[in-house]
Amino acid sequence: MGIKVKRVILRHLQMELKSPFTTSFGSFQKKEFILVEAMDEDGLSGWGESVAFPSPWYNEETVKTNWHMIEDFLLPLLFQAPIAHPEELRQRFSVIRKNQMAKAAIEGAIWDLFAKRQQLPLHKALGGNKNRIEVGVSIGIQKSIDDLLRIIERYVQEGYRRIKIKIKPGWDVEVVREVRRRFPDVPLMVDANSAYSLEDIDRLKALDEFQLMMIEQPLAPDDIVDHATLQAQLNTPICLDESIHSAEDARKAIQLGSCRIINIKIGRVGGLAEAKRIHDICKENDIPVWCGGMLEAGVGRAHNIAITTLDNFTLPGDTAASSHYWTKDIIVPEVTVHHGTITVPEKPGIGYDVDRQQVDIYTSYAKMYHA
Ligand SMILES: O=C(O)CCC(=O)c1ccccc1C(=O)O
Ligand SMILES: [Mg+2]
């Protein structure tokens, strides 16, 4: 008795961020994204969230390319035949090259539906084994070092398990030095979002003196070769984010020595099944992983919590509390963080109820598709 998806609703949502989030590649004031609702013949709904942004700054996908890929290619494949297990979608969607975030949005909704039909929380359906997860917080580039120090102070007091700060040329060594002076023991890491090249090797080596947990994605978003050269000359572990799009990428990066840690984002790698494969390959090779963030609303956040229960997610991820981003999230209850941990919900599926009223408030347009 496979899952027969009868209808899918795509909604385009816009949510104001509480404060702008600035990276080396650009600044976000608001979040614009696609919410996927997939309904089966019994009227159950599964939810997925595309993490593509409106502009192709982080990767090449956008909200509009995702809508196009989903509407014109992925939904016809989804409606083609019943689904015995969500892991089948990886194969079914493989005729479509790339477009991982579009695929993951659909696959995520089907995982939720699958878990609900089995009366299982999503984390159990994925094979996870934790009832709490540890989380950190990612802090954007600020106007001044003083502003940054004040913000870090607040999150350290709130109990977040590690602090990640965004860096770029001109906002790096001096900033990290001040942060370390003020917080000598806080678990600290930096994320460059590909703002450097091998020509900057001296600047990157200068970060070695600050006992950083890792440097995330210093070099180009598609590179694993230069990262291997860099890792050989750095003591600080490199963590890859943008460069890893699949389990195959992870295998090659590990073989080359391009990183010692991998950030797994469900959207970036094409879904939960691929995320699990990356987790497994990393585990076999003693490479710890953690769950990255894409400023997700509640549905994406819930998926991140579920995948983080797999046992090789040993480092705190970027899944901060709903209230860190939003005045009001789209799930009930919202995601809350206590002493730097999130209690994993035990209700079937993603474990949170989608607040349809709130979804309507944020929806600018929607379209329904029938099998
Ligand atoms: O709080 C979060 O969701 C993580 C924020 C973050 O670091 C990020 C946000 C947008 C795009 C890329 C990244 C990243 O991890 O590189
Ligand atoms: Mg990153």
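Student: What does Gln 217 touch, not counting residues up to four places away in sequence?

Tutor: Gln 217 touches Asp 191, Ala 192, Asn 193, Ser 194, His 227, Cys 239, Leu 240, Asp 241, Glu 242 and Ser 243, contact being defined by heavy atoms within 4.5 Å. This is a predicted model, in which local features need pLDDT of at least 70, side-chain atom pairs count only at pLDDT 80 or more, and totals for chains, interfaces and linings use all residues. Residues are numbered from 1 along each chain as its sequence is written, chains are lettered from A and ligands numbered from 1 in the order in which they are written, and side-chain values use heavy atoms, with hydrogens and water left out.

Student: Is Gln 217 buried or exposed, and where does it lie?

Tutor: Its relative accessible area is 0%, and buried means under 20% (exposed is over 50%, partly exposed in between; 1.4 Å probe, protein chains only). Gln 217 is therefore buried. It lies in the loop between E8 and helix H8 (225-233), where helices (H or I, at least four residues) and strands (E, at least two) are DSSP runs numbered from the N terminus.

Student: What makes the pair of Asp 191 and Lys 164 a polar contact?

Tutor: Their side chains are 3.2 Å apart, and the definition requires N or O atoms within 3.5 Å, one able to donate a hydrogen and the other to accept it (residues adjacent in sequence count only if both atoms are side-chain atoms). The pair is therefore a polar contact.

Student: Which residues are the protein donors of the magnesium ion (ligand 2), and what makes them donors?

Tutor: They are Asp 191 (OD), Glu 216 (OE) and Asp 241 (OD), at 2.1 to 2.3 Å from the ion. Along the chain the donors follow the spacing D-x24-E-x24-D. Distant parts of the chain are linked by Asp 191 in strand E7 and Glu 216 in strand E8 (residues 215-216), 25 residues apart.

Student: What does UniProt say of these residues?

Tutor: The unreviewed entry annotates Asp 191, Glu 216 and Asp 241 as "binding site". They are spread over 51 residues of sequence, yet cluster in space, with a largest C-alpha distance of 9.2 Å. Such annotations may be inferred rather than shown by experiment.

Student: Why is Asp 241 called buried, and where is it found?

Tutor: Its relative accessibility is 0%, so it counts as buried. Asp 241 is found in the loop between strand E9 (238-240) and helix H9 (247-256).

Student: What makes helix H11 (residues 298-308) mostly covered?

Tutor: In H11, 11 of its 11 residues are buried, including Arg 301, His 303 and Asn 304.

Conventions: Donors are N, O and S atoms within 2.8 Å of the metal (3.2 Å for Na, K and Ca); water is not among the atoms, so sites may look incomplete.
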